[in-house]
Amino acid sequence: MNMMSRFLMALLFLLLSTAVWSQHEHGQAHEHEHEHEQSVSENTADAASVTPATGRLTTTPEIEAALANGGTAVVADVLGVVCDFCAVAMNKIFGKQEEVAAVYVDLDTKALNLVFKPGASLDDEAIAALAVQAGYRISAVHRNAAVLGS
C-alpha cells in the first residue's frame with residue numbers, strides 16, 4: 001500500500017470510530033462527566049417551575065395533574081445526570097413502571113421527580129435499582145411533606 005492509501009484508511013477508521021462513539025447509549029453506566037450546550041430543562045423552561053433546593057418537587061403540568069388525582073410525590077437526587085440523553089434514559093425506565101403516574105428529570109437540580117398512582121409506590125431500593133438500569137445512581141430519596149414544599 002502506498003502512503004496515500006494508508007493515510008486514507010487511517011482517516012476513514014478515525015471518522016467511523018468517532019461517529020460510532022458519539023452515538024453511544026447514555027443508558028449504559030459510564031464514568032465520565034460531560035457538559036452540553038443545552039439541557040432538557042432549558043428547552044422546557046416554560047413547562048417546569050425549577051426549584052433550586054434539593055429534595056423539593058419540580059412541578060410540570062403532568063406532575064400537577066398526577067398530584068391532583070391523588071398521587072404521592074417522591075424526589076430522588078441523581079448522581080451524574082447532566083444532559084438530555086440522561087433525562088431521556090431516566091424517563092424511559094421510570095415511565096414504563098405501572099406505579100408511576102408522572103416523571104420529570106430536572107437537570108438543574110439533578111433530581112428525579114416522581115408521582116405514584118394512588119395506592120401505589122416503589123421503595124427506595126426499587127428506585128435505586130431502576131436508576132442503575134438507566135445508568136445512574138441515586139444519592140437520596142425524599143418522601144416527606146418537604147418534597148411538596150409544605
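Modeller: Start with a definition. A salt bridge is a side-chain nitrogen of Lys or Arg within 4 Å of a carboxyl oxygen of Asp or Glu. This is a predicted model, where local features need pLDDT of at least 70, side-chain atom pairs count only at pLDDT 80 or more, and totals for chains, interfaces and linings use all residues. Residues are numbered from 1 along each chain as its sequence is written, and side-chain values use heavy atoms, with hydrogens and water left out.

Colleague: Why is the contact of Arg143 and Asp124 called a salt bridge?

Modeller: The N to O distance between their side chains is 2.9 Å. The limit is 4 Å, so the pair qualifies. The structure holds 1 salt bridge. Side chains of opposite charge can pair when their charged atoms come close.

Colleague: What makes the pair a tie between parts of the chain?

Modeller: Asp124 sits in helix α5 (residues 124–134) and Arg143 in the segment after β4, so parts 19 residues apart in sequence are tied together. Helices (H or I, at least four residues) and strands (E, at least two) are DSSP runs, numbered from the N terminus.

Colleague: Are Arg143 and Asp124 buried, exposed or partly exposed?

Modeller: Buried means under 20% relative accessible area, exposed over 50%, and partly exposed in between, with a 1.4 Å probe and protein chains only. Arg143 has 35%, so it is partly exposed. Asp124 has 33%, so it is partly exposed too. Over the protein, buried residues make up 34% of the 150 residues.

Colleague: What is the overall layout?

Modeller: There are 5 helices and 4 strands. Along the sequence the pattern is α-α-α-β-α-β-β-α-β.

Colleague: How do you know which strands pair, and in what order?

Modeller: Two strands pair if DSSP finds at least two bridges between them. Strand β1 (residues 72–79) and strand β3 (residues 111–116) share 6 bridges and run antiparallel. In that pairing, Ala73 stands opposite Val115. β2 and β3 are also joined by 6 bridges and run antiparallel. There, Asp106 has Ala111 as its bridge partner. The 4 strands form an open antiparallel sheet in the order β2-β3-β1-β4.

Colleague: What makes β2 and β4 edge strands?

Modeller: β2 (100–106) and β4 (137–142) each pair on one side only. From one strand to the next, the twist averages 20°.

Colleague: Why is β2 called largely enclosed?

Modeller: 5 of its 7 residues are buried, so the rest of the structure largely encloses β2. β2 also forms a hairpin with β3, with 4 residues between them. Lys110 in the turn has a positive phi of about 55°.

Colleague: Which helices lie on those strands, and at what angles?

Modeller: Contact means heavy atoms within 4.5 Å. Axes are lines fitted to C-alpha atoms, for helices over the stretch in contact, and angles run from 0 to 180 degrees between N-to-C directions. Helix α3 (residues 61–68) lies across β1, β2 and β3, at about 145° to β2. Helix α4 (residues 84–95) packs on the sheet and touches β1, β2 and β3, with its direction at about 170° to that of β2.

Colleague: How do you know that α4 has the expected span?

Modeller: The expected span is 1.5 Å times one less than the number of residues. α4 has 12 residues and reaches 16 Å from first C-alpha to last, close to the 16 Å expected.

Colleague: What puts the buried residues of α4 on one side?

Modeller: The buried ones are Cys86, Ala87, Ala89, Met90, Ile93 and Phe94. They cover an arc of only 160° around the axis, which puts them on the same side of α4. The arc is that of the directions from the helix axis to the C-beta atoms. Exposed Phe85, Val88 and Lys92 are on the face turned away.

Colleague: Why do the buried residues of α5 count as lining one face?

Modeller: Ile127, Leu130, Ala131 and Ala134 are buried in α5. They fall within an arc of 105°, so they line one face of the helix. They pack against β1, α4, β3 and β4. The face turned away carries the exposed Glu125, Val132 and Gln133.
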